[in-house]
Amino acid sequence: MTSTSTPRAGATDAHDTAAGDGQEKLPQPRSFREVRGWFYNTDIVLFDWLLSRQDRLEQRGDLLEMGAYLGKSAIMLQSYLAPGETFTVCDLFGSAAPSASNEREMRGSYSTLTRRGFESNFLSFHDELPRVLHAPTSVVPAEVEAGSCRFVHVDASHLYEHVRPDIAAARTTLRPDGLVVLDDYRSSHTPGVACATWQAVLEDGLRPVCVSAQKFYGTWGDPAPVQDELHAALRERGDCWLQWQDVAGHRLLLVGADKAEIPQLPRSRHAKSRAGARDSEGDGARGGRGAALSALSRRTAREVLPPVISRHLSRVLRGARDR
Ligand SMILES: C[S@@+](CC[C@H](N)C(=O)[O-])C[C@H]1O[C@@H](n2cnc3c(N)ncnc32)[C@H](O)[C@@H]1O
């Protein structure tokens, strides 16, 4: 059932044929906000900070996402890929699930998902697709080289019997100082993720870095340096809620950034400027490595301009970004 495809160019082709081929109406989101999925402010802030830190420290390695759905978090992850690195996504994309309970989960939550929908969304923001494993996540250990990844997002099945091996696969594929992110580790409808997450902490050496309302961030390396830097950076921003807690002897940072200023999000090639013309900035790679510079200019503006002007500038930038 595994079908693997390597990245291909083809933004133009994909969009010329995206609509009106009579089979399926493919999405052409004009902004990141329009991509359907589950990826909220606090996690946007945390992904950006953690992936930018890896870039700053030149911690090189591949990226992996188990569970891409229509590409929301994948679109963001791709923006942080450095030259020579590979981004792999693994998803069933509507194909038969490996167990009856997984099949029920798929029909209930992701019934309209198709691989073409994912690809259409993704190519609205980037020129090339990631490496796609169109298969159950059980193929990951055989398909992704051990120790090759610096960042793994586990967001596929939310059932215990799948999440537990997915966490084990994350451990195998990560480099020693790599980061794993576990989605829905505490939602009322996903007790299996909660169990698998804390079991990995208590039995398998996973060490918490921080948690948002939706996601658990951890490492099998030493969490202290990244935790301390993250805490200092978010405290300095002044727009995040932070709290240290100790859980069964593990220190973790609780983060809330619902109202925080978010980094520049990847731009869609379908974004229009106010005048209605195609936006010249819509090159599909505005988040991530490119956006680090914009974030820096915003920060510099905040520091050198009178508050009233920098606030106005922020609003203008945010308005331009969200159009
Ligand atoms: C919660 S969604 C992913 C959301 C996505 N990361 C986002 O940001 O919008 C879960 C995805 O996992 C996929 N999935 C569920 N069970 C799976 C399995 N056993 N193997 C691979 N993918 C699976 C579903 O098809 C669905 O696309």
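Which side chain does the side chain of Ser73 join through a polar contact of 2.6 Å? In this predicted model, the partner is Glu65. Ser73 has its place in helix 3. With residues up to four places away in sequence left aside, Ser73 touches Phe39, Glu65 and His153. Is Ser73 buried or exposed? Its relative accessible area is 6%, and a residue counts as buried when this value is under 20%; Ser73 is therefore buried.

Several individual atoms can be located around the ligand. On the side of its nitrogen atoms, Asn102 places a polar side-chain atom 2.8 Å from a nitrogen atom of the ligand. Asp155 likewise has a polar side-chain atom 2.8 Å from a ligand nitrogen atom. For Tyr69 the backbone is involved: one of its N or O atoms lies 3.1 Å from an oxygen atom of the ligand. How much of the ligand's accessible area does the protein cover? On its own the ligand has 600 Å² of accessible area, and the protein covers 99% of this.

Helix 5, formed by residues 115–123, may be considered next. Eight of its nine residues are buried, and the helix is thus mostly covered. The buried residues are Arg115, Gly117, Phe118, Glu119, Ser120, Asn121, Phe122 and Leu123.

Which residues of helix 8 are buried? They are Gly192, Val193, Ala196, Thr197, Gln199, Ala200 and Val201. The spacing of such positions can be read with a general rule in mind. An α-helix has 3.6 residues a turn, so residues three or four places apart point the same way. The cover over the buried residues of helix 8 includes helix 7 (160–173) and strand 6 (174–183). Strand 7 (207–211), strand 8 (215–219) and strand 10 (250–256) are also included in this cover. Just after helix 8, Gly205 adopts a positive phi of about 80°.

Conventions
Residues numbered from 1 in each chain as written. Predicted model: local features only at pLDDT ≥ 70, side-chain atom pairs only at ≥ 80, totals over all residues. Heavy atoms only, no water. Polar contact = N/O pair within 3.5 Å; in protein donor to acceptor, adjacent residues only side chain to side chain. Areas by Shrake-Rupley, 256 points an atom, 1.4 Å probe, with all protein chains shown as cover. Buried < 20%, exposed > 50% of the residue type's maximum accessible area, 1.4 Å probe, protein only. Helix = DSSP H or I, 4+ residues; strand = E, 2+ residues; numbered from the N terminus. Contact = heavy atoms within 4.5 Å.
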